[in-house]
Amino acid sequence: MAGRKRKLLASAVTSAPGKAVNKHENGAAIKPEASSAKLKKSSQCEGAQSAETERSHYFIKNELQHRQRKDFFHLSCIRLAKALLGKVLVRRCADGTELRGRIVETEAYPGGEDKASHSAGGKRTERNTAMFMEPGTIYVYPIYGIYLCMNVSSEGEGAAVLLRSLEPLQGQPIMRQLRAARRKEGARPLKDKELCNGPSKLCQALDIPRCFDRRDLAADPEVWLERDPNTNPAEPHDIVSAPRIGIESHGEWATKPWRFYLRGHSCVSVVNKEAERQSLCGNEMRNLAPSDVQSDTGQHNVKRT
């Protein structure tokens, strides 16, 4: 479009429900007076490419047959965190442009006794209400006053799964522009694998605004999940279980292996080599016959988690 200025099309959603008093996973207090102008920057879809060219050429045209419906989300927090791996997060912008990313990393926050969860002890607030809503409800909260994280509620009182990293599949040029809006001028161009390799990065790259909080991921017209018809579901040996990130101050809860990611994927935010070794060893032991895992006393000495 030589000679014409590109316009950023404002997202169809504008207001942010709830209070802005929040905590990051590590418990750091979040200032409520975050600039609404700054937050709106992550609520725009760049119209650099037409909706026709950015509509899915990757998936079969009838998206409804691949969309994950309500029953998919009716899983315990740990199970949903694993089931989300490999699924595709889709964001339809105001002009019809669609951005897609495959989920490659998640974290489970079961609530209740989990001291690292926003709903620890069953505490319900204006901020974390989505965690107590129906499975499949979107929970978006700000960190440091300007960045956002996207979660999905599961079965269990106050339980939700944090989306940590995506593999960009469609709309990378737009994702790159959205990410660039939050970076210093003159910064080096981002590689594709760097576009969505973190919880706040993926919200920026897919233009996930604060006002998506409490929406139904199974029915929303602007954001939803799809299964990828071109790939098989992740197998147990493909999934690494590792401690969650940024919650070191929560003692024993910081060691729970409730972060899950696809082994060997370049878009994972943080690789844990030790967890990968243990995970491989665990998978090998589970594949052995009972007689292969007995001690000298005849008792099974394999601990399952």
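How many cavities of 30 Å³ or more does the count come to?

## Cavities

The count comes to two cavities of 30 Å³ or more. A cavity here is a set of points on a 1 Å grid over the protein atoms alone where a 1.4 Å probe fits but cannot get out. Grid points are joined across faces, edges and corners, and a volume is the space filled by probe spheres set on the points. The largest cavity holds about 60 Å³ of space. Its lining is made up of 10 residues (those with an atom within 4 Å of a point); Tyr109, His118, Met131, Tyr141 and Asn151 lie nearest the centre.

## Basis of the model

This is a predicted model, in which local features need pLDDT of at least 70 and side-chain atom pairs count only at pLDDT 80 or more, while totals for chains, interfaces and linings use all residues. Residues are numbered from 1 along each chain as its sequence is written, and side-chain values use heavy atoms, with hydrogens and water left out.

## Nonpolar cores

A nonpolar core is a set of buried Ala, Val, Leu, Ile, Met, Phe, Trp, Tyr and Cys residues joined through side-chain atoms within 4.5 Å. Buried means under 20% relative accessible area, exposed over 50%, and partly exposed in between (1.4 Å probe, protein chains only). The largest core has 50 residues, and Leu89, Met150, Leu206 and Leu217 have the most contacts inside it. Strand 4 supplies the largest share of this core, four residues. A second, separate core has 13 residues, including Tyr109, Phe132, Leu162 and Ile247.

Strands (E, at least two residues) and helices (H or I, at least four) are DSSP runs, numbered from the N terminus.

## Asp114

Asp114 is located in the loop between strand 4 (98-109) and strand 5 (138-143). Asp114 counts as buried because its relative accessible area is 2%. Its side chain reaches the backbone nitrogen of Ala116 at 3.1 Å, which is a polar contact (a pair of N or O atoms within 3.5 Å, one able to donate a hydrogen and the other to accept it). Beyond four places in sequence, Asp114 touches Ala108, Tyr109, Ala120, Arg244, Trp253 and Trp258, where contact means heavy atoms within 4.5 Å.

## Positive phi

Tyr144, in the loop between strand 5 and strand 6 (147-153), has a positive phi of about 55° although it is not a glycine. Arg214, also not a glycine, has a positive phi of about 75°. Arg214 lies in the loop between helix 5 (199-205) and strand 8 (223-226), and is partly exposed at 27% relative accessibility.

Notes. On a 1 Å grid over the protein atoms alone, a cavity is a set of points where a 1.4 Å probe fits but cannot get out, and a pocket is an open set with protein on both sides within 12 Å along at least five of seven lines; lining residues have an atom within 4 Å of a point.
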